[in-house]
Amino acid sequence: MFRFKQFIVDQSGCAMKINTDGVLLGAIAEADSPGSILDIGTGTGVIALMLAQRYNGSKVDAVEIDIEAAKTAERNFKGSPFADRLTLYASGFERFFAQYPEKKYDLIVSNPPFYVDSLKSPGAKKALAKHTDVDFFEKLIKGVSGHLSPNGCCWLILPVTLMDMIIALAENRNIYPQRIINVHSYPHSEAHRVILCLGFDKVSAQISNLTIYKAISVYSDEYKKLLQPYFLAF
């Protein structure tokens with residue numbers, strides 16, 4: 001059990017536990033008063049819950065292909081103060097988009113599997129959660145481009161090495177980088193993640209940096225400020 005300020009997340013049955021990538025995306029992803037939000041690959045449901053907390057006028061849909069993880073996320077949704085605004089779909093995103101072609105979202109988020117063309121992680125569930133290939137991202141970007149509202153945006157967190165590929169796939173679908181946030185573990189370390197915001201406006205992307213730690217085991221002030229609305233420790 002992971003206790004946040006306004007909700008509790010049970011992680012049982014989920015191959016991918018709450019991690020820094022997920023909570024960073026949940027804290028950073030934003031849109032202008034989104035009425036509709038979609039979390040693709042919700043896992044424990046933590047990102048959906050964070051967004052439901054921040055945008056109290058929004059309806060949040062979440063899809064999760066792993067049945068046990070979907071059951072856990074649904075329990076977490078039902079036990080939260082935002083239960084009436086959260087809906088879990090135990091489905092892959094392709095099937096979900098095919099079943100609901102009319103759905104449009106002001107904000108789409110995903111902390112996707114990212115071991116492209118690498119060895120699968122041991123264990124079937126972890127492999128499903130973490131391993132993918134280029135075909136996965138092509139289908140993801142295609143689905144996103146067809147289900148974003150005209151002024152909507154999609155936020156992804158990815159390894160830096162995948163950014164150029166994702167941007168190229170997005171531009172083929174007429175969606176473009178709006179913001180690029182390079183995530184560093186320490187002030188002088190290389191970026192290991194990128195948080196990418198995509199939208200329909202063809203603009204020069206706003207580029208910035210975010211540092212998680214200012215010293216070993218000491219969180220940076222910017223990280224604490226981001227997570228302060230959610231973490232009991234901050």
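## Basis of the model

Because the model is predicted, local features need pLDDT of at least 70 and side-chain atom pairs count only at pLDDT 80 or more, while totals for chains, interfaces and linings use all residues. Residues are numbered from 1 along each chain as its sequence is written, and side-chain values use heavy atoms, with hydrogens and water left out.

## The sheet

Eight strands form an open sheet with mixed pairing, in the order β5-β4-β3-β6-β9-β11-β10-β12. Strands (E, at least two residues) and helices (H or I, at least four residues) are DSSP runs numbered from the N terminus, and two strands pair if DSSP finds at least two bridges between them. The edges are held by β5 (86-89) and β12 (206-211); each has a single partner strand, so one side of each is left without a neighbour in the sheet. On average, neighbouring strands are turned by 15° against each other, direction ignored.

Within this sheet, β3 (residues 36-40) pairs with β4 (residues 59-63) in the parallel sense over 5 bridges. Isoleucine 40 has valine 63 in β4 as its bridge partner.

## Helices α6 and α7

Helix α6 (residues 134-147) packs against helix α7 (residues 163-172) at an angle of about 40°, with the axes 9 Å apart. Axes are lines fitted to C-alpha atoms, for helices over the stretch in contact, and angles run from 0 to 180 degrees between N-to-C directions. The pair is therefore oblique (under 35 degrees counts as roughly parallel, over 145 as roughly antiparallel, 65 to 115 as roughly perpendicular, and the rest as oblique).

Val134, Phe137, Glu138 and Ile141 of α6 meet Met165, Ile166, Leu169 and Ala170 of α7, where contact means heavy atoms within 4.5 Å. Helix α6 also lies across β3, β6 (105-110), β9 (148-159) and β11 (191-199), running at about 155° to β9.

Gly22, Val23, Leu25, Gly26, Ala27 and Ile28 of α1 make the contact with Val46, Ile47, Met50, Leu51 and Arg54 of α2.

The side chains of aspartate 21 and arginine 193 form a salt bridge at 2.8 Å, N to O (a side-chain nitrogen of Lys or Arg within 4 Å of a carboxyl oxygen of Asp or Glu). This pair links distant parts of the chain, with aspartate 21 in helix α1 (residues 20-28) and arginine 193 in strand β11, 172 residues apart. The count by this rule comes to 8 salt bridges.
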